[in-house]
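Student: Could we go through the strand pairing of this model, and then one of its pockets?

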Amino acid sequence: MERKEYVGKDGLLHCSVCGKAVERIIEMPELFSSGKRKKRKVRFLCSCEIAEQKKMEKYQKFEEEQRRLGCLDGLNIIDKNLRKARFDNYEVTEDNRKGYVFAKKYVENFNVMLKKNQGIMFYGNPGTGKSYTAAAIASELQKNLHTVLMTSFVKVLQELGNFDKKYDEQIEKLNWPKLLILDDFGSERTTDFAVEKLYNVIDGRYRSGKPLIITTNVEFGEMKTCKDMRYRRIYDRIFEMCFPVKIDGLSWRKKEAVARSDYINKMMEG
């Protein structure tokens, strides 16, 4: 509804949306210390205008944060397929229902999650939709004017290996967005250099007080019983920050292959 103003029965201007007066009559002293007071109409913001002003301020802040994140565009892995990820086109199955529900609740309560530095670790077999679920969270949060960076540690490692840039500054940049998503954790090289940088990224995020979402094919039990002390401290930090959610089932690629096979068989039989 287009906001307009009208004169009410009290002779004051009112907002056509909320109906509240946008003028008040107050007594003000006249000049030159005459001691006399005069009634004047004073303009002020109604609840609609205040809400619109706050919305505009929030959008401007989001735009500033997005511009700041522009230097991290090279790290973004959300391709054209993941950009389509939304909850309203999410194909829910019995296997992924828990992950879907948890992801939606996470977005709905993101302000609380942000305050509590609470993230998620989506784990399970390859191809079950972990990355798609994380991308759907990113898309929905960005619609609500929250800054999100979705990347992979392989990309991060390439960036941190650029000796033309200061290492501490690169780590700090990963803490700019409100939510950082590290996709496909565990697929990176297991050199001492890579593992140390991985810990620094996750620990830096922890110290920033901002949440982290991780997707991984590594089994939860394997993480809990890991004997490698290099990875053990990484897992311990992840468990502090991220609630584990398993997304199970058959790989979507395998499902599509089965469906194509069934279709071809039926077509040939016909």
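Tutor: This is a predicted model, in which local features need pLDDT of at least 70 and side-chain atom pairs count only at pLDDT 80 or more, while totals for chains, interfaces and linings use all residues. Residues are numbered from 1 along each chain as its sequence is written, and side-chain values use heavy atoms, with hydrogens and water left out.

Student: How many bridges join strand E5 to strand E8?

Tutor: Strands (E, at least two residues) and helices (H or I, at least four) are DSSP runs numbered from the N terminus, and two strands pair if DSSP finds at least two bridges between them. E5 covers residues 119–123 and E8 covers residues 212–216, and the two run parallel. Within this pairing, Ile 120 has Ile 213 of E8 as its bridge partner. The number of bridges joining E5 to E8 is four.

Student: Which strands stand at the edges of the sheet, and why is one side of each left without a neighbour?

Tutor: The sheet is open, with five strands in the order E6-E7-E8-E5-E9 and parallel pairing. One side of each edge strand has no neighbour in the sheet because each has a single partner strand, and these strands are E6 (148–152) and E9 (242–246).

Student: Which elements give two or more residues to the lining of the second largest pocket?

Tutor: The lining of this pocket comprises 13 residues, with Gln 66, Asn 76, Arg 83, Gln 142 and Val 148 among those lining it. Grouped by element, those that give two or more residues are helix H1 (47–69), helix H4 (130–143) and E6.

Notes. On a 1 Å grid over the protein atoms alone, a cavity is a set of points where a 1.4 Å probe fits but cannot get out, and a pocket is an open set with protein on both sides within 12 Å along at least five of seven lines; lining residues have an atom within 4 Å of a point.
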